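Thank you all for coming. Please have a look at the chain on the screen, and then I will walk you through a few of its features.

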Amino acid sequence: MTSFRNNSDRLLEVTLQKETVLAIAGSMVAYTGTIKFEKSLLGGEGFFGAVMRKVKNEGMQLMQASGTGTVFFAHNAAEITVIPLSGEKMTIESSSLLAYDTSLKTGTSFAGLRGAVSGQGLFSTTVEGQGSLAVISRGNLIMLEVTPANPLRVDPDAFIGYKGNITQEFVFDVNWRTMSGETSGESYQHKFSGQGVVFIQPAER
């Protein structure tokens with residue numbers, strides 16, 4: 001399996017041994033060894049997913065790095081967190097996905113109102129299988145547990161992703177301040193119920 005590790009909190013180090021990794025186009029900042037960089041057309045999500053993103057003008061601009069050596073990735077000085085998956089499925093905002101193993105399968109998930117309100121687009125990315133992915137966030141990535149007894153409400157602008165047996169619901173904070181026009185600034189919320197983990201950032205887009 002491709003080796004992912006944090007060289008620092010804002011620098012991802014990926015070691016390749018005749019392997020390939022996918023990453024945001026232009027995110028390579030340095031490398032050693034013999035590495036070839038090419039544009040990736042599908043990004044592992046298949047033809048249908050790529051077409052759907054193209055229709056909505058939400059395509060992820062990806063590149064693939066192949067060969068033997070070490071590649072360093074960064075993106076706009078954002079914080080980077082490596083998340084290993086062991087046969088799990090994670091849903092993540094496309095703009096928060098920095099790099100991932102080619103062993104992982106990606107697809108698209110309809111984000112609906114959450115994506116429209118946050119400006120992230122109508123589709124999120126799903127990542128599943130055995131391997132690692134690197135997530136970028138503004139500030140340290142925060143993991144919040146969701147249980148049947150404790151559903152979680154999240155500001156769509158702070159949302160990064162989730163994994164587990166979770167259901168989603170977009171809700172409106174309709175109270176007397178909202179009704180009177182004096183909004184709290186948190187009128188739209190995303191509710192997560194079930195069992196799993198939700199990832200957020202300590203900043204709004």
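Alanine 77 has a relative accessibility of 48%, so this residue counts as partly exposed, because exposed would require over 50%. In this predicted model, alanine 77 sits in the loop between E4 and E5, and its phi is near 60 degrees, a positive value in a residue that is not glycine. Asparagine 76 belongs to the loop between E4 and strand E5 (79-92), and asparagine 76, although not a glycine, has a positive phi of about 55 degrees. Is asparagine 76 buried or exposed? Its relative accessibility is 70%, and therefore asparagine 76 counts as exposed.

Let us turn to the inside of the chain. The largest nonpolar core has 18 residues, among which Leu12, Val21, Phe73, Leu98 and Ala99 touch the most other members. Two or more residues each come from strand E2 (11-24), strand E4 (62-73), strand E6 (97-101) and strand E8 (123-137), and E2, with six residues, gives the most. There is also a second, separate core of 15 residues, which includes Leu22, Leu104, Leu133 and Ile160. As background, nonpolar side chains in soluble globular proteins tend to be buried together.

If we take valine 21 and leave aside its neighbours within four places in sequence, the residues in contact with valine 21 include Phe4, Met63, Phe73 and Ala99.

Finally, for the chain as a whole, the secondary structure comes to three helices and twelve strands, and 47% of the 205 residues count as buried. Of the contacts with a separation of 6 or more, 78% are between residues 24 or more positions apart.

Note on methods: Residues numbered from 1 in each chain as written. Predicted model: local features only at pLDDT ≥ 70, side-chain atom pairs only at ≥ 80, totals over all residues. Heavy atoms only, no water. Core = buried A, V, L, I, M, F, W, Y, C linked by side-chain atoms within 4.5 Å. Buried < 20%, exposed > 50% of the residue type's maximum accessible area, 1.4 Å probe, protein only. Helix = DSSP H or I, 4+ residues; strand = E, 2+ residues; numbered from the N terminus. Contact = heavy atoms within 4.5 Å.
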